[in-house]
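Have the structure open as you read.

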Amino acid sequence: MPAPVSQPDDPALLRIDGAIATITLNRPTAFNSINLAIAQKLEQLASYVESDDAIRVLVIEGEGRAFSAGGDLQTIGAAAEANTVTQVVGQLLKHYHAFIETVRRMPKISLSSVHGSAAGAGMGLAFVTDLCIAAEDAKFTPAYAKIGVSPDGGSTVGIVGTVGSRRALQIFLSEDNFTAQQAHEWGLVAKIVPATELKAATRQFAERLAQNPPAAIAGTKSLVNQAATTPVKQQLEAEEHKIIMAMNTDDFRVAVKKFTSKSK
């Protein structure tokens with residue numbers, strides 16, 4: 001599958017540099033809010049990233065002053081007024097949730113790079129990735145309860161798995177917003193850096209992650225994601241299967257040879 005060619009006015013852009021792919025949300029005048037066009041583009045770009053064996057890390061970032069303001073309320077509000085919300089939001093989430101499924105499933109590490117505001121589904125996207133790096137000025141806003149709805153866009157997938165059900169209920173129902181520092185304390189953010197250093201720090205973090213061989217990345221991500229809901233015996237069998245698969249790769253043979261030669 002050839003790499004998609006991004007145009008400057010596409011709602012989401014793909015850039016590939018070695019083993020690192022970067023998807024940029026590209027609706028800056030709308031604070032990168034999620035409408036049907038961006039959802040469809042994100043689904044397409046993630047599908048390509050998943051299929052490219054040379055890519056080990058996916059970075060997701062936002063263009064402009066915000067990471068993402070979440071669902072496009074102009075579109076959704078108009079659909080609610082016209083009594084077409086079931087069709088409109090259903091179609092939007094069909095593509096956006098397919099994108100989220102791919103990000104969670106792909107045998108690569110996903111890293112969100114967050115600055116400014118991450119609200120609603122934008123907050124969900126920040127935390128549905130495997131890891132998150134945030135600027136000191138990042139602000140996370142649940143937003144759902146205030147407009148009388150429940151979370152979407154993978155918000156409960158990423159947050160509940162990290163902080164547990166009680167903290168998740170607190171976040172969704174009693175937090176107007178919270179800071180990058182709070183998110184770091186709760187385990188949702190891996191690193192906090194000054195806003196001016198976010199781009200460089202994200203690249204450095206992604207390069208460090210990309211040093212891991214593909215089998216190590218894929219096996220570790222799969223095992224970690226299934227651990228909470230898998231019976232112990234089944235999880236141990238999965239660990240055995242994944243490690244033996246990884247030990248049959250050239251990456252493992254080279255690494256072990258290098259290690260054992262040092263210890264002699």
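K139 stands opposite T179 in β8. Before going on: this is a predicted model, where local features need pLDDT of at least 70, side-chain atom pairs count only at pLDDT 80 or more, and totals for chains, interfaces and linings use all residues. Residues are numbered from 1 along each chain as its sequence is written, and side-chain values use heavy atoms, with hydrogens and water left out.

β7 and β8 run antiparallel and are joined by two bridges; strands pair if DSSP finds at least two bridges between them. They belong to an open three-stranded sheet with mixed pairing, in the order β5-β7-β8. Its edge strands, each pairing on one side only, are β5 (117-119) and β8. Helices (H or I, at least four residues) and strands (E, at least two) are DSSP runs, numbered from the N terminus.

Lying across β5, β7 and β8 is helix α4 (residues 121-128), at about 100° to β5. That angle is between N-to-C directions, from 0 to 180 degrees, with axes fitted to C-alpha atoms, for helices over the stretch in contact. Contact means heavy atoms within 4.5 Å.

Now the rings. The whole structure has six aromatic pairs, meaning Phe, Tyr or Trp (six-membered ring) centres within 6.5 Å, with planes under 30 degrees apart called stacked, over 60 edge-to-face and the rest tilted. One of them, F140 with F178, is stacked, at 5.5 Å centre to centre and 25° between the planes. This pair links distant parts of the chain, 38 residues apart. F127, F140, F178 and W186 form one aromatic cluster.

| Residue | Relative accessible area | Class |
|---|---|---|
| F140 | 0% | buried |
| F178 | 0% | buried |
| D251 | 38% | partly exposed |

Beyond its neighbours within four places in sequence, D251 touches P213 and P214.

Finally, helix α3 (residues 85-105) has 21 residues and reaches 29 Å from first C-alpha to last, close to the 30 Å expected at 1.5 Å a residue (1.5 Å times one less than the number of residues). Its buried residues include L92, Y96 and F99. The buried residues of α3 pack against several elements, among them α4 and α9 (214-227).

Key:
Buried means under 20% relative accessible area, exposed over 50%, partly exposed in between (1.4 Å probe, protein chains only).
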